[in-house]
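Reader: I want a close look at the charged pairs in this model. Please take the domains and the contact between them first, then the pairs one by one.

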Amino acid sequence: MDYVKLERGDDGVAVLTIDRQEKLNALDPQVVEEIGQSLLELESEGPRVIIVTGAGEKSFVAGADIAAMSTMDPLEAKRFAEIGHAAMALLDKSPIPTIAAVNGFALGGGCEIAIACDIRIAAENALFGFPEVGLGILPGMGGTQRLPRLVGPAIAKELIFTGRRIKAEEARMIGLVNHIVPQGEALKAAKEMAAEIAANGPVAVRHAKAAANRALDVDLISGLEYEADQFALLFATEDASEGMGAFVERRKAEFKGR
Ligand code: CO8
């Protein structure tokens, strides 16, 4: 891989870093392919949490590579969007929790990566926005679908139609960002949150993610049925016996992930 680095911690936390700093980590087709391949690798290894970040403090990802897109024909653009969608699905539909540690620019495709993650932690210098319509295109890596689900249709449409950039604080106010931390500390804060998640029953966390994802796709009654099934299923795991047993015996649970 040229532009994506994977770091696997002993604590079950994997960090995927997009590293193309000379272009502010902009996404050309190769970068997007590498993100998808890396996430596929991680999915089969099964870390407890995946953190996604951009190399350097200046930029998370400054969007899709505009120079590369400027020569694409519609079929190439469709293919680009498809590999992008496949990679993003590995972030939000995979059972492994994902956290975006956002440092600096998260524009266009960069913001789309961030919102495909389950949770976003932003450094104070983070800047979010969807500049695509100013380029005569639109957010094509899930932004038109995920942003309205995350912040509601009116705010999403405002951001997409105007292309306005917003700072971390405004992003937090509208629910785009979970937490803001000092500049340079987004990855550290994401690792701290990942450690909190990783200390819990991993099978439970995975099923909880699947259940929470269901809330976005189905009506309440179907979602509650799904939740009850997932809840019941966990009673067949060793982790549930261990977790509840440890509470009753007043000791710390040792989860095995099964
Ligand atoms: N594409 C290509 N190159 C870029 C991009 C980009 N998005 N962003 C930055 N770069 C390059 C610059 O061209 C420059 O390269 P070089 O040194 O070779 O000239 C280098 O990175 C440094 O950038 P700047 O000199 O411009 O740095 P500044 O600090 O002056 O400005 C900005 C930083 C404000 C981020 C500015 O670079 C900028 O506006 N970039 C473009 C942001 C943007 O419009 N992003 C959205 C792109 S469209 C998109 O993301 C569509 C996604 C949907 C399709 C995905 C399908 C998979």
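Author: Domain bounds here come from an automatic or database domain assignment. On that basis the chain splits into domain 1 (4–198) and domain 2 (202–249). This is a predicted model, where local features need pLDDT of at least 70 and side-chain atom pairs count only at pLDDT 80 or more, while totals for chains, interfaces and linings use all residues. Residues are numbered from 1 along each chain as its sequence is written, and side-chain values use heavy atoms, with hydrogens and water left out.

Start with the two domains. Their C-alpha centres lie 27 Å apart. In contact (heavy atoms within 4.5 Å) are 14 residues of domain 1 and 7 residues of domain 2. The buried area between them is about 800 Å², 50% of it on carbon and sulfur atoms. Buried area means the accessible area (1.4 Å probe) that two parts lose on being put together, summed over both.

Now the charges at this interface. A salt bridge is a side-chain nitrogen of Lys or Arg within 4 Å of a carboxyl oxygen of Asp or Glu. By that rule, 2 salt bridges cross between domain 1 and domain 2. The side of domain 1 that touches domain 2 is made up of 6 nonpolar, 3 polar and 5 charged residues. Lys209 pairs with Asp118 in a salt bridge, with 2.8 Å between the closest N and O atoms.

Next, the structure as a whole. It holds 16 salt bridges. Side chains of opposite charge can pair when their charged atoms come close.

Take Glu45 and Arg8. Their side chains form a salt bridge at 2.7 Å, N to O. The pair links distant parts of the chain: Glu45 sits in helix H1 (residues 29–45) and Arg8 in strand E1 (residues 4–8), 37 residues apart. Helices (H or I, at least four residues) and strands (E, at least two) are DSSP runs, numbered from the N terminus. The scale runs as follows: buried is under 20% relative accessible area, exposed is over 50%, and partly exposed is in between (1.4 Å probe, protein chains only).

Asp65 and Arg20 form another salt bridge, the closest N and O atoms being 2.9 Å apart. Again the pair links distant parts of the chain, 45 residues apart. Asp65 is in the loop between strand E4 (59–61) and helix H2 (66–69), and Arg20 is in the loop between strand E2 (13–18) and H1. Asp65 is buried, at 10% relative accessible area. Arg20 is buried too, at 8%.

Glu82 and Lys78 both lie in it, 4 residues apart, about one turn of the helix. Their side chains meet in a salt bridge at 3.5 Å, N to O. Glu82 is partly exposed, with 37% relative accessibility. Elsewhere, salt bridges that share partners join Arg8, Glu41 and Glu45 into one network.

Glu76 also lies in helix H3. It is partly exposed, at 42% relative accessible area. Glu76 and Pro29 are 47 residues apart in sequence and 9.8 Å apart in space, C-alpha to C-alpha.

Definitions and conventions:
Nonpolar A, V, L, I, M, F, W, Y, C, P; charged D, E, K, R; others polar.
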